[in-house]
Amino acid sequence: MVLDSKVPSGPIEQAWDKARFEMKLVNPANKRKFNIIVVGTGLAGGSAAATLGELGYNVKCFCFQDSPRRAHSIAAQGGINAAKNYQNDGDSVYRLFYDTVKGGDFRSREANVYRLAQISVQIIDQCVAQGVPFAREYGGLLANRSFGGAQVSRTFYARGQTGQQLLLGAYQALEAQVDAGRVKMFPRTEMLDLVVVDGHARGIITRDLITGAIEAHAADAVILASGGYGNVFYLSTNAKGSNCTAIWRAHKRGAAFANPCFTQIHPTCIPVSGDYQSKLTLMSESLRNDGRIWVPRQARDMRPPAQIPERERDYYLERRYPSFGNLVPRDVASRAAKAVCDEGRGVGETGLGVYLDFGDAIKRLGRRVIGERYGNLFEMYERITGENPYETPMRIFPAIHYTMGGLWVDYQLMSTIPGLFVLGEANFSDHGANRLGASALMQGLSDGYFVIPYTLGNYLASNRLEKVDATQPEFRSTAVEVEAKIARLLSVKGKRTVSSFHRELGKIVWDYCGMSRNAEGLRRAIDGIRNLREEYWRNVNVPGSEGDLNQQLESAGRVADFFELAELMCIDALHRNESCGGHFREEFQTEEGEALRDDVHYQYVAAWEYKGPETSPELHTEPLEFNYVHPAQRSYK
Amino acid sequence: MNLTLHVWRQKNASDAGRMERYAARNVNPDMSFLEMLDVVNEKLIEAGAEPIAFEHDCREGICGSCGFMINGVAHGPERGTTVCQLHMRHFKDGDELYLEPWRARAFPVLRDLMVDRRAFDRIIAAGGYITARTGSAPDANGLPVSKENSDRAMDAAACIGCGACVAACPNASAALFTGAKISHLGLLPQGQPERSRRALRMVAQYNKELFGSCTNIGECEAVCPKEIRIEVISRMNRDYLRAAWKDRSALRDDQPEAEPRAGGRR
């Protein structure tokens with residue numbers, strides 16, 4: 001396996017323009033001869049399918065939910081970054097590029113990140129043109145706010161629903177293409193395998209979630225935009241249906257999986273309230289613009305917050321990081337919260353929580369202004385906890401939120417399987433070891449609107465692809481494997497439910513591969529996962545049959561894949577003997593408890609190749625060069 | 001607390017269906033409604049019975065996947081709250097709850113509490129968008145939008161497409177859903193060029209689906225988890241009537257020219 005990033009030579013500022021000129025084009029009249037498959041309808045998938053439809057390609061688009069508009073991009077709250085510098089506070093494409101590379105702790109590919117920053121300005125233009133109702137100032141121009149890891153105000157937002165509004169823009173554009181007959185939409189249809197013919201990705205095998213029918217779909221190229229794998233932890237801010245199946249099956253067919261241990265923990269989520277907890281709810285990072293984070297100075301101080309006077313409060317982020325304060329990046333804020341809770345100073349019944357307090361902001365700006373900025377988030381919090389953030393500080397705790405790891409892609413967003421492109425959170429590319437707030441929305445739309453339309457055309461025009469159809473042997477044999485796996489899951493008829501296994505798996509990876517990791521813990525996790533996986537295939541109870549709607553069967557297949565991914569994640573974390581971004585190895589930290597990178601030995605992308613069942617994966621590395629942003633110890637002091 | 005649930009069970013669209021009774025025991029007030037159902041389902045699976053099928057995904061009130069009637073009220077008793085955001089502290093020990101799927105001809109039942117809402121996607125496909133080819137957009141600040149219009153557009157754009165409005169309406173009208181999208185886009189300068197076309201096509205599609213007419217009852221607004229106001233229906237009617245006079249050529253070939261039904265009396 002050769003990892004060739006295909007980054008163009010020359011100055012980084014011109015790399016993308018140069019690439020676009022050098023890439024081959026598909027004649028407008030020829031585009032309709034090509035069939036493209038898009039899996040996933042979030043920001044990356046929806047925007048890609050809509051744009052490719054507009055260009056004239058025949059697109060088949062798949063999602064497992066009942067409608068493309070349900071994709072989990074919809075839940076993103078805070079905002080989307082762009083280097084417009086409308087605020088005149090020092091932003092620029094270069095600064096956004098710099099902040100993102102630094103925020104990623106120098107583990108991302110510079111050229112990809114520069115392109116992302118460059119394209120960010122066009123994304124806002126496109127969204128406004130589609131009617132996304134971004135917040136405005138009184139003069140009618142767009143408003144901005146700040147986000148973690150940045151000292152400029154570059155985030156555009158639509159109340160606390162930016163993800164929903166951006167997704168609706170893409171979804172509406174997608175539906176317009178469906179109406180025009182250029183995109184065929186297959187909702188309630190889950191991709192269960194990738195079909196490779198002559199070394200190229202040429203189609204997928206799907207299951208209709210209502211009838212259970214297994215179908216083969218042929219194409220000239222396949223695009224995966226199926227989101228992240230946070231649900232390997234069972235409890236995360238992901239939707240219940242979010243899963244790794246599309247990318248994991250592609251991985252087993254030859255797509256290298258990069259940096260799986262780079263998972264992001266978001267510092268401000270609502271704490272767990274019981275064993276039945278089914279997911280964790282995110283409280284937007286934008287709250288950290290005005291909220292102040294604190295815990296009592298004393299351990300086990302059980303007084304209600306209103307009774308703790310100022311001098312007995314520790315605003316620990318402001319204390320430790322004076323220049324970024326409450327707006328330090330997510331990995332820094334999460335570890336700081338864990339540290340104070342480990343000292344016994346956490347709040348709430350479980351002691352696993354810190355306060356996010358709006359008291360001062362309400363005094364300074366008034367309740368009405370705070371309500372305008374965060375009203376719907378406050379309501380959301382109150383619905384879940386029964387507590388009112390206007391009156392009492394919010395309780396928050398870190399939770400798994402995003403995965404920087406994903407399928408390896410080159411500068412063209414193509415994986416190690418020719419013809420298989422990966423967009424959005426499903427790929428590994430732009431965020432390094434830690435993603436900055438408000439940049440996931442940016443990356444999804446950048447990949448879908450402005451990168452894949454060019455790079456896909458280049459692939460199609462550069463490869464003379466034989467016509468394939470879904471009756472060919474490769475499709476049949478892949479479908480047979482899919483059917484066999486389903487039959488096996490249904491035949492076990494053991495004693496434990498899928499959920500009970502998923503919860504236990506989640507606990508292992510949260511405890512040993514979560515906020516803080518060490519070699520012994522990771523080895524224990526790998527053993528624990530292997531044992532649990534073995535028990536799963538011996539003892540799982542999947543009721544019902546495969547021939548109709550069966551939500552337990554859907555879950556069972558996804559959890560089976562999570563077991564395998566979890567093991568790779570721990571292997572990756574164990575091999576990377578350094579701390580960087582969201583990957584914190586206790587053995588490698590500075591005196592102040594910050595991440596200690598090893599740029600001499602680990603300044604690379606770890607891309608794992610699947611070698612077969614019960615066989616160790618093979619590591620390939622892509623060395624990373626930083627010619628523009630020079631690696632330094634990340635300091636947010 | 002312990003509750004009794006009566007849940008609609010239906011194997012598929014052609015099955016007659018029936019109500020079945022279940023016990024929900026040791027329910028923690030901090031649990032969400034769907035977490036309570038998860039626990040009921042785990043017990044059913046362990047007992048070898050068929051778990052209750054219900055739609056859900058984000059579990060935070062934004063994706064619009066979830067939704068069913070609780071004691072005849074779409075999404076249950078709390079205002080502005082989806083069923084996944086509803087927590088058990090709003091119920092008490094001994095409560096008896098009736099859970100039913102959305103009831104509307106335009107939303108055929110697939111299984112138990114799950115219905116087919118593709119009619120909504122078809123209404124959006126008919127005109128719920130602004131045609132803006134990727135790459136052709138002007139600078140984002142090139143078109144100022146008054147804060148007032150932007151806020152009102154955002155209010156209407158908050159619709160999550162859950163279908164509660166249809167389920168609550170005695171006529172099973174989709175006027176609130178359609179009106180919300182027409183209002184969102186029609187309040188913005190970017191939406192002006194297609195405003196007539198949008199209204200004509202979306203209303204024609206909605207008439208083609210099996211939704212009923214709006215007769216200004218207002219049940220929709222009362223149950224909408226995003227608190228969309230019925231003024232969006234007035235906007236839709238206005239846009240439709242204006243368009244019906246000015247330009248009928250925007251209708252697709254397969255959409256019948258009909259008397260405007262949205263908002264009028266049958």
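Here are some questions and answers about this predicted model.

User: Happy to start with the parallel strands of chain A. Which residue in β2(A) is the bridge partner of Ile36(A)?

Analyst: Good place to begin! Strand β1 (residues 35–39) of chain A is joined to β2(A) by five bridges, and the two run parallel. Within that pairing, the partner of Ile36(A) is Val59(A).

User: Which helix makes a right-handed β-α-β unit with β1(A) and β2(A)?

Analyst: The two strands of the unit are β1(A) and β2(A), which are parallel to each other.

User: Why is strand β2 of chain A described as largely enclosed by the rest of the structure?

Analyst: Burial here requires 20 or more other C-beta atoms within 10 Å of a residue's own. Strand β2 spans residues 58–62 of chain A, and it is largely enclosed because the number of its five residues that are buried is four.

User: Let's move to β9(A). Which residues of strand β9 are buried on the side of Ala221(A), and which on the other?

Analyst: Strand β9 of chain A runs over residues 221–224, and both of its faces are covered. One side carries Ala221(A) and Ile223(A), and the other carries Val222(A) and Leu224(A).

User: Which residue of β17(A) is the bridge partner of Val222(A)?

Analyst: Val222(A) takes part in two pairings, so let's take them in turn. β1(A) and β9(A) pair in the parallel sense over four bridges, with Ile37(A) opposite Val222(A). β9(A) is also joined by three bridges to strand β17 (residues 420–422) of chain A, again running parallel. There, the partner of Val222(A) is Leu420(A).

User: Which strands stand at the edges of the open antiparallel sheet in chain A?

Analyst: This sheet has four strands in the order β16-β10-β18-β19, with antiparallel pairing. Each edge strand has a single partner strand, so one side of each is left without a neighbour in the sheet. The edge strands are β16 (406–407) and β19 (618–623).

User: In that sheet, what is the bridge partner of Phe257(A) in β18(A)?

Analyst: Strand β10 (residues 257–258) of chain A is joined by two bridges to strand β18 (residues 604–609) of chain A, and they run antiparallel. The partner of Phe257(A) is Trp608(A).

User: At about what angle to β18(A) does helix α15 run?

Analyst: Helix α15 covers residues 551–575 of chain A and lies across β10, β18 and β19. Its angle to β18(A) is about 140°.

User: Which helix gives the most to the side of chain A that touches chain B?

Analyst: The contact takes 61 residues from chain A and 62 residues from chain B. Several helices of chain A each supply at least two residues, among them α2, α10 and α15. By class, the chain A side has 23 nonpolar, 25 polar and 13 charged residues. The helix giving the most, with nine residues, is α5(A).

User: Finally, how far apart are the C-alpha centres of domain 1 and domain 2 of chain B?

Analyst: The domain assignment gives domain 1 as 3–111 and domain 2 as 117–246. Their contact takes 18 residues from domain 1 and 17 residues from domain 2. The domain 1 side divides into nine nonpolar, seven polar and two charged residues. The distance between the C-alpha centres is 29 Å.

Methods: Residues are numbered from 1 along each chain as its sequence is written. Chains are lettered from A and ligands numbered from 1 in the order in which they are written. This is a predicted model: local features need pLDDT of at least 70, side-chain atom pairs count only at pLDDT 80 or more; totals for chains, interfaces and linings use all residues. Domain bounds come from an automatic or database domain assignment. Two residues are in contact if their C-beta atoms, placed from the backbone, lie within 7 Å. Ala, Val, Leu, Ile, Met, Phe, Trp, Tyr, Cys and Pro count as nonpolar, Asp, Glu, Lys and Arg as charged, and the others, Gly among them, as polar. Two strands pair if DSSP finds at least two bridges between them. Axes are lines fitted to C-alpha atoms, for helices over the stretch in contact, and angles run from 0 to 180 degrees between N-to-C directions. A residue is buried if 20 or more other C-beta atoms lie within 10 Å of its own, exposed if 12 or fewer, and partly exposed in between; C-beta atoms are placed from the backbone. A crossover is right-handed if, with the strands pointing away from the viewer, the path from the first strand over the helix to the second runs clockwise.
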